[in-house]
Amino acid sequence: MIPLPPTQPAPALTVQGLTRRFQGLVAVDSVDFTVRQGTVHGLIGPNGAGKTTLFNLVSGVLAPSAGSVRLGERALDGLSPYRRTALGLARTFQNIRIFSEMTVLENVMTGMHTRLTASWGILLRGPGFRAEERQAKAKARDLLAFVGLSEAADTRAGDLPYGDQRRLEIARALACEPRLVLLDEPAAGMNPAETHALLGLLSRLRDERGLTLLLVEHDMPLVMSLCDRLTVLNFGRRIADGTPAEVRAHPAVIEAYLGTGGHEVSVSRGLGS
Amino acid sequence: MWEALDDFYWTYQSLIHAVGVNAILALSVYVVLAVGQLSLGQAAFMGVGAYTGALLTVKFGVPFGLAMLASALVPALLALVVGGPTLRLTGVYLAIATIGLGEITRIMFLNWDYAGGALGLSGIPERGGVVAIYGTLAVLLVGLTLVARSRVGRAMEAMREDEAAAGVMGVNLPRYRLVALVVSSAMAGVAGCLSAHVSSFIGPNEYGFEAAVTILSYALLGGIGSPLAPVLGSTILTLLPEVLRPLADFRLMVNGMIIVLAVLFMPRGILPWRIARTG
């Protein structure tokens with residue numbers, strides 16, 4: 001490894017030797033990778049490769065058996081999910097997990113939980129409380145406009161169409177003012193038009209808001225056109241790491257996706273280009 | 001007119017007290033249910049509050065206001081101590097643990113001679129009355145409504161819907177669970193103290209499992225979409241046996257049938273409307 005020049009900013013996320021065992025099964029096996037600031041980093045691999053487990057380890061939903069995770073300079077080891085959120089880590093879920101009884105606007109405002117400070121003001125309703133609540137509402141409306149859900153602010157979240165629920169999850173994740181957003185299969189179940197709109201939304205997050213994104217995704221055309229770098233997992237191990245072009249040509253990736261003896265021509269087609 | 005009202009009050013005095021006290025108990029179980037936990041310990045906390053308040057006024061002649069304060073603090077402290085280990089449990093396991101807590105406190109009062117043992121504690125001075133009961137209820141209703149319409153209310157509803165997702169949104173789950181239990185036990189304790197001082201007698205068996213289930217049913221019948229819902233539930237369940245009195249022998253049967261039908265056809269309670277969560 002070439003040492004990084006001192007002017008290079010610290011990586012947004014550093015994962016070192018991360019391991020998680022479930023009884024006999026090693027779901028994530030000493031995985032290392034870094035996510036650079038302001039990039040979209042893709043995490044891909046066949047089903048059961050350990051991608052979602054890795055997400056759960058990074059977001060603190062699961063505790064690792066070994067290894068460490070750093071957000072910027074800050075070690076996250078042993079911190080609960082809510083502490084990680086306060087430090088600037090947000091995520092969405094593979095199976096949509098919006099709060100379906102609440103309105104769309106309330107969902108986004110729930111995402112701001114760690115950024116709001118009201119305590120006794122809740123009972124006293126002073127000007128401080130009211131101003132904070134007003135600002136939170138305005139900011140939530142801005143985020144809904146950003147993801148294209150302005151019209152739906154007062155709808156019950158569970159009544160939204162599927163694609164809109166995915167976008168609401170993204171708006172809710174953005175509400176906690178994250179530095180890094182983990183997206184677990186954001187395009188799952190979307191039709192081509194919805195996927196295309198999602199691609200535009202995620203590029204704008206990186207290009208206009210300077211956010212760093214780490215995403216797990218099976219939609220290869222989306223991954224290949226959006227991601228700056230990719231990490232490939234198989235059976236819990238990292239088998240490749242690099243730009244989409246490098247990964248696509250990597251023999252271990254070809255083997256993982258197509259088995260041994262696959263032809264490179266079909267691989268390029270299979271992984272999209 | 002005034003005289004008629006006075007008559008009404010004297011005739012139904014104990015019922016009027018019970019409606020208010022039960023409404024406070026309904027709110028106390030609402031606070032726990034609102035963060036997605038299930039507690040059957042409310043009767044025990046009520047008992048601890050009742051005994052704390054009654055012992056202070058009967059044995060030490062402490063002013064009623066101070067007795068009320070103590071009857072909120074002692075159960076709250078108990079909840080704080082018990083909450084640490086039990087709140088690692090969730091759902092039905094927490095319910096079982098709180099049933100255990102209820103039995104332990106009941107047996108403790110049963111064998112505590114200083115507090116009257118199995119005979120209970122009698123000669124409790126009449127204090128507080130309607131003004132204290134309904135004043136407390138009003139303060140709690142307003143307070144809980146304000147809390148519901150804030151970041152705390154949003155966090156609570158989020159926890160109830162999907163605890164893991166709420167945690168990822170930055171909600172400090174253990175703290176919310178513990179604070180909910182402590183606040184709810186203080187409320188149940190105050191209800192116990194208020195009811196002890198309008199009924200002149202308390203006994204250890206008033207705060208057993210049956211009472212815990214009754215308190216839970218207030219919120220189940222009313223719903224937990226807003227603080228008003230459990231209060232409506234407790235009021236109906238308290239008044240229903242009286243309203244049905246002309247039915248004589250069929251009274252309890254019809255009473256039970258109404259509850260079963262309500263739960264079957266209105267699973268979200270008879271007041272399913274949910275309060276807005278923005279301030």
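**Core.** I looked up the largest nonpolar core, which has 158 residues; A171(A), I24(B), L25(B), A26(B), L27(B), V29(B) and M187(B) touch the most other members. A nonpolar core here is a set of buried Ala, Val, Leu, Ile, Met, Phe, Trp, Tyr and Cys residues joined through C-beta atoms within 7 Å. A residue is buried if 20 or more other C-beta atoms lie within 10 Å of its own, exposed if 12 or fewer, and partly exposed in between, with C-beta atoms placed from the backbone. I noted that helix 8 (residues 173-199) of chain B gives the most to this core, with 14 residues. Domain 1 (9-88 + 178-273) and domain 2 (99-175) of chain A both give residues to this core, so the core lies between them.

**Model and numbering.** This is a predicted model: local features need pLDDT of at least 70, side-chain atom pairs count only at pLDDT 80 or more, and totals for chains, interfaces and linings use all residues. Residues are numbered from 1 along each chain as its sequence is written, and chains are lettered from A and ligands numbered from 1 in the order in which they are written.

**L27(B).** I took one of the core residues and listed its contacts. Not counting residues up to four places away in sequence, L27(B) touches L140(B), L144(B), M187(B), P227(B), P230(B) and V231(B). Two residues are in contact if their C-beta atoms, placed from the backbone, lie within 7 Å.

**Helix 8 of chain B.** I checked the length of this helix next. Helix 8 of chain B has 27 residues and reaches 39 Å from its first C-alpha to its last, close to the 39 Å expected at 1.5 Å a residue. The expected span is 1.5 Å times one less than the number of residues. Helices (H or I, at least four residues) and strands (E, at least two) are DSSP runs, numbered from the N terminus. Of the 27 residues of helix 8 of chain B, 21 are buried, so this helix is largely enclosed by the rest of the structure. S200(B) follows helix 8 of chain B and has a positive phi, near 65°.

**Helix 9 of chain B.** I repeated the length check on helix 9 (residues 209-222) of chain B: its 14 residues should span 20 Å at 1.5 Å a residue, and the end C-alpha atoms are 20 Å apart, which agrees. The buried residues of helix 9 of chain B include A211(B), I215(B), Y218(B) and L221(B). I found that the buried residues of this helix pack against helix 1 (2-33), helix 2 (42-60), helix 4 (91-110), helix 10 (228-243) and helix 11 (251-265) of chain B. G223(B) follows helix 9 of chain B, with a positive phi near 105°.

**Chain contact.** I looked at where the chains meet: 25 residues from chain B and 30 residues from chain A take part. On the chain B side, helix 5 (129-148), helix 6 (151-161) and helix 7 (163-168) each give two or more residues. Helix 6 of chain B gives the most to that side, with seven residues. By class, the side of chain B that touches chain A has eleven nonpolar, seven polar and seven charged residues. Ala, Val, Leu, Ile, Met, Phe, Trp, Tyr, Cys and Pro count as nonpolar, Asp, Glu, Lys and Arg as charged, and the others, Gly among them, as polar.

**Domains of chain A.** I then turned to the two domains, whose bounds come from an automatic or database domain assignment. The centres of domain 1 and domain 2 of chain A, taken over C-alpha atoms, are 28 Å apart. Nine residues of domain 1 of chain A are in contact with eight residues of domain 2 of chain A. On the domain 1 side, helix 2 (81-86) and helix 7 (192-207) of chain A give two or more residues. The residues on that side divide into six nonpolar, two polar and one charged.

**Sheet in chain A.** I traced an open sheet of four strands in the order 2-1-4-5, with antiparallel pairing. Two strands pair if DSSP finds at least two bridges between them. The edge strands are strand 2 and strand 5 (74-75) of chain A, each pairing on one side only. S30(A) lies in strand 2 (residues 25-35) of chain A and counts as partly exposed, with 14 C-beta neighbours inside 10 Å.
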